[in-house]
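My entries follow in the order in which I made them.

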Amino acid sequence: MTELLLGADVGGSSTRVAVATADEGIVQVAVGGPGNPNVVGPDASARVIRSTADRVLTSVPGAVAAAVIGLAGGFRVASDPAFLAAALPERVTGPRLVVSDLAVAFSSATPAWAGCTLVAGTGAVAARVVGETLQDRRDGWGWLLGDGGSGFWLGREAVRATLRALEQERPLTGLSKAVLADAGVSDQLGLLAACYGEQPTWLTRFAPLVSRWADDDPAAGAIADEAAALLAADLAGLSPQADEPVVLGGSVLGPSGLATPGPIRRRLTDRLSFRLRLLQVESGLVGATWIAARRLGWDRPDLHARLRTSIATAARR
């Protein structure tokens, strides 16, 4: 009977589950709704993971030899056997594990046992990963207390720069004009009302404007410089070594395959040692299924490569 690997990448906007084999890599993927337990609660999180896992396994015969759930906000449920029992199908006969989404992000890009990852999307966090555990981390405190250099931070700083220009009656730059246009307002009071009328993370919408204007507008350039400095400091706090991978991810640092890295990614890499081996986060399903494979002793680089290449062609349910 074919032994299957089950990997889940669970976040605040969607739940994705993949099934893989050692010979074929990832063969099928299913997508469900939000599953972060801090957003939907532990019980709802377990239900959406279970329903998505059941769906992905429907037409794939075999026993699930190992299952790994990569979970944002999973620290509350990681050691709860009841959560794992509710979240995973009975077909899982081997190891069951909840790991941080940062461990999954790291292992999506490399089969290495240890290294560092820096992810800057809506939030921002850096971590040292050893196996599937986080041995150290920097920031990731959320929009209210931290996440320096994140999409939220960039958007907030863009609005602040615009408010200062309006308050001091200075000529508006390209960034400030773009912020007002995107918010659909024309003055300081209108911008304040728009921002306070929405959830705080609404400010993330202005982050791309910083990248758009960073090389042409001094105000945007200064924000991009500070964001890169904050992110570089988080990574430096982990003391990355030249012989270990550093995996970068998140919308602020740009998707994989960019011909020209974005302005914040360029500013960040300018601050990092040229000796560091920089990689890009790929699909979290690759990382989750790889950690599952490693739990079974299937830690072969060729399998990791197969998981990476097969994700693009796997059937979707």
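I began with helix 6 (residues 174–183) and found it mostly covered, with 7 of its 10 residues buried. The model is a predicted one, and I read the entries below with that in mind. I listed the buried positions of helix 6 as Gly174, Leu175, Ser176, Ala178, Val179, Leu180 and Ala183. I then looked up what these buried residues pack against: helix 5, helix 7 (188–196), helix 8 (207–213) and helix 9 (218–236). Just past the end of helix 6, I noted a positive phi of about 75° at glycine 184.

I found an open sheet of 6 strands with mixed pairing, in the order 5-4-1-2-3-11. Strand 5 (96–100) and strand 11 (315–316) are its edges, each pairing on one side only. I checked strand 1 (residues 3–10) against strand 2 (residues 15–21): they run antiparallel and are joined by 6 bridges. In this pair, leucine 6 is opposite valine 19 of strand 2.

I also looked up the helices on the sheet. Helix 4 (residues 101–109) packs there, touching strand 4 (63–71) and strand 5, and its direction makes about 90° with that of strand 5. Helix 11 (residues 284–295) packs on the sheet as well, touching strands 1, 2, 3 (25–32), 4 and 5, at about 135° to the direction of strand 1.

Last, I turned to the surface. Trp141, Trp143, Leu144 and Leu145 form a nonpolar patch there, with about 530 Å² of accessible area together. I placed leucine 144 in the loop between strand 8 (133–139) and helix 5 (151–167). Is leucine 144 buried or exposed? Its relative accessibility is 62%, so I count leucine 144 as exposed.

Definitions and conventions: Residues numbered from 1 in each chain as written. Predicted model: local features only at pLDDT ≥ 70, side-chain atom pairs only at ≥ 80, totals over all residues. Heavy atoms only, no water. Patch = residues over 30% accessible without salt bridge, like charges linked within 9 Å, V, L, I, M, F, W, Y side chains within 5 Å. Areas by Shrake-Rupley, 256 points an atom, 1.4 Å probe, with all protein chains shown as cover. Salt bridge = Lys/Arg side-chain N within 4 Å of Asp/Glu carboxyl O. Helix = DSSP H or I, 4+ residues; strand = E, 2+ residues; numbered from the N terminus. Buried < 20%, exposed > 50% of the residue type's maximum accessible area, 1.4 Å probe, protein only. Contact = heavy atoms within 4.5 Å. Pairing = 2+ DSSP bridges. Axes fitted to C-alpha atoms, helices over the stretch in contact; angles between N-to-C directions.
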